[in-house]
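Trainee: I've got a structure open and I'd like to learn how to read it. Can we go through some features together?

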Amino acid sequence: MESRWTEEDWKRCCGSTKFAKEMAAAAPFSHLDHALRTARHIWLNLVDVNGWLEAFAAHPAIGTASPSVSQWCKEEQSKAMSTVTDTTMEELKEWNRRYMDKFGFVFLICASGRGTPEILAELKKRYTNRPIVELENAAHEEMKITELRIERLFATAEVVAPSVASLDPVTKAGDRLGIIGAHLTAVPKTSPENITGTSLRSKPPITTHVLDVSHGAPASGMEVILEKWIYDSNQPPNFAERDHPGWKTLGYSETNSDGRSGQLMDIMDYIEPGFFRITFNTGKYAPMGFYPYVSIVFQVRENQKMEHFHVPLLHSPFSFTTYRGS
């Protein structure tokens, strides 16, 4: 068992105050894998965009030489610094500045083991991304850095971690959970015949949250409706019948201060396969925006009824993005 590390210890791993508080509250951890899984859940599900930005701001720009740079940062950037030249250092500083000007946060990359040419090439490549894509990239890199630092924290306590070969594949270094789309949780592997009556879920099968990407913050107070197609399971909804009465409302909610909706349907072990529609009242939330509302129709298949479906909306007045999480 690990020692009772403080919030300050966890904040050395990730600069988000929320992350540090949640990790300290979740401790103690029986082994490294337990801590890593908890860290992923907290970072991807409990820390909001403001918390992400707080964590990003705790990192110095790659190549920064200052007494305030932590020893961990120096060691993580050691290969980059050993391969830098005067020319590449100036180029790195210039591109760091451009990146900060465009996105509003420092360029983040898990620099451990990477040389300056590789880091510079990645910086230039990611500079062309849209802000919401780069927010996802940065959060993904932050999670990788955090995982490495948690491993170091455990190493200082001389805790023996389970071998990588014995872990579920999602814990392997080459198989990191994807970012906002990694608002993912592990799908239970229990087969129906082995169920003892205890619920397999702690939340409904379908959930959502909304990010206001124009402000870099959760979208609070947006109305959300979840519906299910009940007209004919053999006749799916189609574009020509968007207003068909075959849609049944399952639930209504408004997003909270973290951008997450309340419960839109009952908690159940197995979701009935079919077509679902989730609609966001974007017109009321952003009256001067381009979209009066946004509706997303998706299908849950027979072999997916034990899975969780997280259907977020990344919204700005003149664009939106969605994806399927789980």
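Trainee: Let's start with helix 3: which of its residues are buried?

Mentor: First, keep in mind that this is a predicted model. To call a residue buried, we want its relative accessible area to be under 20%. In helix 3 that picks out Leu32, Asp33, Ala35, Leu36, Thr38, Ala39, Arg40, Ile42, Trp43, Leu44 and Asn45. That's 11 of 15 residues, so the helix is mostly covered by the cut-off of under 20%.

Trainee: And what do the buried residues of helix 3 pack against?

Mentor: Their partners are helix 2 (17-26), helix 4 (49-57) and helix 9 (131-156).

Trainee: What span does helix 3 have from its first C-alpha to its last?

Mentor: Residues 32-46 reach 20 Å, and at 1.5 Å a residue you'd expect 21 Å, so the two values are close.

Trainee: Now the stretch before it. Where does Pro28 lie?

Mentor: Look in the loop between helix 2 and helix 3. As a general idea, most peptide bonds are trans. Here, though, the bond joining Ala27 and Pro28 is cis, with omega at about 5°.

Trainee: What about Ser16: is it buried or exposed?

Mentor: Buried, because its relative accessibility is 0%. You'll find Ser16 in the loop between helix 1 (7-13) and helix 2.

Trainee: Which residues does Ser16 touch?

Mentor: Leave out residues up to four places away in sequence, and you get Lys11, Trp43, Val47, Gly51, Glu54 and Ala55. Trp43 is also one of the buried residues of helix 3. There's a polar pair to look at too: a polar atom of the Ser16 side chain lies 3.4 Å from the backbone nitrogen of Lys18.

Trainee: On to sheets. How do I read one?

Mentor: Strands of a sheet pair through backbone hydrogen bonds, and they do it either parallel or antiparallel.

Trainee: How many residues of strand 6 are buried?

Mentor: For strand 6 (residues 274-280), the count is 7 of 7.

Trainee: What is the strand order in the sheet with mixed pairing?

Mentor: That one is open as well, with 4 strands in the order 3-2-9-10. Strand 3 (217-218) and strand 10 (319-322) stand at the edges with a single partner strand each, so one side of each has no neighbour in the sheet.

Trainee: And how do strand 9 and strand 10 run, parallel or antiparallel?

Mentor: Antiparallel, with 4 bridges joining strand 10 to strand 9 (residues 313-316).

Key
Residues are numbered from 1 along each chain as its sequence is written. This is a predicted model: local features need pLDDT of at least 70, side-chain atom pairs count only at pLDDT 80 or more; totals for chains, interfaces and linings use all residues. Side-chain values use heavy atoms; hydrogens and water are left out. Helices (H or I, at least four residues) and strands (E, at least two) are DSSP runs, numbered from the N terminus. Buried means under 20% relative accessible area, exposed over 50%, partly exposed in between (1.4 Å probe, protein chains only). Contact means heavy atoms within 4.5 Å. Two strands pair if DSSP finds at least two bridges between them. A polar contact is a pair of N or O atoms within 3.5 Å; within protein, one must be able to donate a hydrogen and the other to accept it, and residues adjacent in sequence count only if both atoms are side-chain atoms.
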